Amino acid sequence: MVSADCIASPVMTANRYEQLVQAVVDYAIYMLDPSGHVVSWNAGAERIKGYRADEVIGRHFSLFFTPQDCAEGRPDYLLKQALELGVAQDEGWRVRKDGTQFWALAALDVIRDDLGHIIGLAKVTRDITDRRESALQLDAIRAQLFQAQKLEALGQLTGGLAHDFNNLLTIIMSSAKLALNSQDPARVQRMLEHIVDAGRRGTQLTQQLLTFARHRQMDVTMVAPATVLASTRSLLEHALPSDVELQEHLQPDLPVIEVDAGQLQMVLLNLLFNARDAIGERGAICFALDAVVLTGEVDGLHGPFVCFEVRDTGAGIDPQVLPRIFEPFFTTKPFGKGTGLGLSQAYGFAKQSNGAITVQSTVGKGTCIRLYLPTSERAAAPQLHR
Ligand SMILES: Nc1ncnc2c1ncn2[C@@H]1O[C@H](COP(=O)(O)OP(=O)(O)O)[C@@H](O)[C@H]1O
Ligand SMILES: [Mg+2]
């Protein structure tokens, strides 16, 4: 036992380090010689990897890699990288003594002597299987929420679309009957044109709905904001009562943004549905698109953004309710009318796209929600041809 703390000799310092390294059980800390063979082994390494020191010292560290990683030369690649650059980092599956695998976060650092010669490498490995699994679960939950939202939006749309399809079919049926009973070639021609026109509109509708329904999550592409606005509007028209006016303000030549177009469309549909619900019988929704340059006034963001604004003349939001509207599952709507997922998804989407969402509301006057999305840097690059 060391009794006097004040005596410092190189041997004691080395002992202390050894004790420290041995005491760590959450990290595998061990040394490799420059050819990748294990020279020391701590308690954490034994706990995480399952080997005792006497079983592993002298063996090559590729022992801990999966057969596939070994076949692909990953251990050698990491060793080479560490020797050349002084450090290598890696994340991936590693194999324990009993053959089970864990997800490892590993760092490999070169150790040099006083003259600068490489004497070995320090290897620190952490088992982050739990952390990785939580991240995967979170992704899965996000995907499920996205799906739930999409189904909700589709449900809202199909009611209106069924009505419109009925109208189109009525046009087709009545024109066909009139054409069958008519002797006048010009009239027959006109009726056939009506039929073709109604058929085409029906096809367009189903196409838009299918594109929206089939869209997979996380498909980030360059998107022209005006195109998203147009396709959202044409879907929304079928879900708006006739006394709700939809206005549009669109700045020309808007820059492109780099987002998941399907998610953006879903978020916008939700903002528009919220506006519709707040209006009730009669009122107006204004859907505006602007290019803006932010200088920190919105969530501390700076630079060029596209602002999607949805303004309504609805009931407004009670100041007591306002702080809660972005919470998942928060809704003031009756059961079956709201899920409380729309704005939380919109918030998540804005954050994930490095943008922001803001709300301004006056009870009895209306609400204005703005979604800011950064313009694409790639699109701004002059060498890009599109
Ligand atoms: N445009 C709006 N006008 C008034 N209230 C709104 C508006 N948008 C959202 N809200 C309020 O925020 C709540 C949460 O919205 P959201 O997350 O979309 O869920 P949901 O629409 O399913 O209730 C709504 O229930 C409503 O109280
Ligand atoms: Mg909603």
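I started with the lining of the second largest pocket, which by class has six nonpolar, six polar and one charged residues. My classes: Ala, Val, Leu, Ile, Met, Phe, Trp, Tyr, Cys and Pro are nonpolar, Asp, Glu, Lys and Arg are charged, and the others, Gly among them, are polar.

Ground rules, before I forget: this is a predicted model, where local features need pLDDT of at least 70 and side-chain atom pairs count only at pLDDT 80 or more, while totals for chains, interfaces and linings use all residues. Residues are numbered from 1 along each chain as its sequence is written, chains are lettered from A and ligands numbered from 1 in the order in which they are written, and side-chain values use heavy atoms, with hydrogens and water left out.

I noted what a pocket is: on a 1 Å grid over the protein atoms alone, an open set of points where a 1.4 Å probe fits, with protein on both sides within 12 Å along at least five of seven lines; lining residues have an atom within 4 Å of a point. Grid points are joined across faces, edges and corners, and a volume is the space filled by probe spheres set on the points.

The second largest pocket holds about 250 Å³ of space. It has 13 lining residues, and R142, L145, S344, Q345 and G348 are the closest to its centre. I found that α6 and α10 each supply at least two residues of this lining (helices are DSSP runs of H or I, at least four residues, and strands of E, at least two, numbered from the N terminus). Why does it lie between domain 2 and domain 3? Because domain 2 (139-214) and domain 3 (217-386) both give residues to its lining; the bounds come from an automatic or database domain assignment.

**The largest one**

I got a volume of about 770 Å³ for the largest pocket. Its lining has 35 residues, with N274, D277, T331, T332 and K333 the closest to the centre. Which element gives the most to this lining? It is α9, with eight residues. The lining divides into 14 nonpolar, 14 polar and seven charged residues. Domains 2 and 3 both contribute to this lining, so the largest pocket lies between them too.

**The sheet**

I then traced an open sheet of five strands, in the order β6-β8-β9-β11-β10, with mixed pairing. Two strands pair if DSSP finds at least two bridges between them. The edge strands are β6 (244-250) and β10 (356-362). I followed β6 to β8 (residues 283-295): seven bridges join them, and they run parallel. V244 stands opposite G283 in β8.
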